[in-house]
Amino acid sequence: MQGVLTGFAVIAVVIGVGYLLGLRGHLGPQGREVLTKLAFHVASPALLFTTLATADLSVVFSARLLVTALSTVAVSGAFVAVGVVRGWGVGRTTIGALCSGYVNSGNLGIPIAVYVLGDASLVAPVLLFQLVLVTPVAVTILDLSRGGGGGTLWRRLLTPLRNPIALGSLAGVAVAASGLDVPDAVMDPVTLIGNMSVPAVLLAFGIGLCGSTMPLRGVERRPVLLAVALKAVGQPAVAWALASGVFGLRGPQLLDVVVTSALPAAQNLYTYASTYGVGERLARDAILVSTVVSVPVLVGVATVLG
């Protein structure tokens with residue numbers, strides 16, 4: 001219980017500061033855009049690189065990762081299927097699919113793992129899966145959907161190498177896989193820059209809330225409701241069914257995968273939507289509503305399975 005409340009309190013405070021900055025106009029009319037670009041092009045790639053460069057890639061082969069991957073594919077695929085039928089477009093559907101299955105494993109998942117699960121490293125499988133595979137694939141699709149990949153097959157295949165988020169992730173994995181010891185003179189400034197990522201994303205999100213209409217209204221109401229339902233209820237339910245019924249996980253291991261799957265949509269998805277200029281309202285509302293809804297869900301999961 002304490003871990004859930006602590007994690008959400010930290011996020012709420014920083015978003016609240018961003019809201020006040022937007023309300024008072026201290027950063028000017030371009031404040032949110034500047035923070036978003038800072039996070040996407042500089043801070044987040046640095047954070048992804050430092051996180052993955054020192055990660056233990058052996059967790060990729062764990063049963064927990066398989067549960068995470070399959071539950072993510074299930075709920076994201078469900079949103080994509082509806083998006084195709086409803087004609088929501090590639091970019092908008094991609095953002096909605098991310099909001100359905102991309103969990104807040106960093107700035108919220110880590111404190112909850114510490115206080116609820118007792119070990120911060122337990123979020124490593126989902127963190128690595130999202131950074132190594134989901135993020136590069138998603139941003140590549142977003143690039144290609146707006147014509148960022150160029151006309152030739154070769155240029156399209158090289159799209160991930162021109163995206164800072166994907167490039168930071170892939171570079172970090174390469175360093176971890178090679179066992180290369182990056183000198184402190186290189187790692188320390190990159191780490192310092194990466195530490196700006198989470199605050200910048202949360203502040204930009206808070207500024208984006210200033211002057212905005214209430215969520216679950218307008219043309220994005222149905223996509224938001226679908227994404228929130230899949231994220232808050234569908235993904236933890238699928239994870240529980242797979243973990244207990246297919247992989248035979250019990251006790252702390254079962255609690256681990258269900259809790260991480262029940263985390264809300266990550267705030268950095270709003271950065272992606274803002275950067276590509278697609279599904280911004282969808283991302284903002286889905287993140288906000290899923291964050292609120294996930295509180296009782298996480299408390300219930302921790303109570304029943306803990």
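In the predicted model, V13 is exposed, with a relative accessible area of 54%, and this residue belongs to helix α1, which covers residues 2-24. Although V13 and G206 are separated by 193 residues in sequence, their C-alpha atoms lie 9.7 Å apart in space.

When neighbours within four places in sequence are left aside, the contacts of T50 are with M187, V190 and T191.

Helix α4, formed by residues 90-101, comprises twelve residues and extends 17 Å from its first C-alpha to its last, a span close to the 16 Å expected at 1.5 Å a residue. Because ten of these twelve residues are buried, α4 is largely enclosed by the rest of the structure. The buried positions of α4 are G91, T93, T94, I95, G96, A97, L98, C99, S100 and G101.

The largest nonpolar core of the model contains 45 residues, of which F79, I95, L98, C99, Y102, L269 and Y272 touch the most other members. The greatest contribution to this core comes from helix α6 (residues 124-145), which supplies eight residues. For L98, which is also among the buried residues of α4, contacts are made with V134, A138, L269 and Y272 when residues up to four places away in sequence are not counted. Apart from this core lies another, made up of 22 residues and including V103, L117, L122 and V123.

Packing between helices was examined for α12 and α14. Helix α12 (residues 251-261) packs against helix α14 (residues 280-305) at an angle of about 175 degrees, and their axes are 10 Å apart. On the α12 side, the contact is formed by L254, L255, V258 and V259, while α14 contributes L298, V301, A302 and L305. Classified by residue type, the contact of α12 with α14 comprises eight nonpolar residues, with no polar and no charged residues.

Methods: Residues are numbered from 1 along each chain as its sequence is written. This is a predicted model: local features need pLDDT of at least 70, side-chain atom pairs count only at pLDDT 80 or more; totals for chains, interfaces and linings use all residues. Side-chain values use heavy atoms; hydrogens and water are left out. A nonpolar core is a set of buried Ala, Val, Leu, Ile, Met, Phe, Trp, Tyr and Cys residues joined through side-chain atoms within 4.5 Å. Buried means under 20% relative accessible area, exposed over 50%, partly exposed in between (1.4 Å probe, protein chains only). Helices (H or I, at least four residues) and strands (E, at least two) are DSSP runs, numbered from the N terminus. Contact means heavy atoms within 4.5 Å. Axes are lines fitted to C-alpha atoms, for helices over the stretch in contact, and angles run from 0 to 180 degrees between N-to-C directions. Ala, Val, Leu, Ile, Met, Phe, Trp, Tyr, Cys and Pro count as nonpolar, Asp, Glu, Lys and Arg as charged, and the others, Gly among them, as polar. The expected span of a helix is 1.5 Å times one less than its number of residues.
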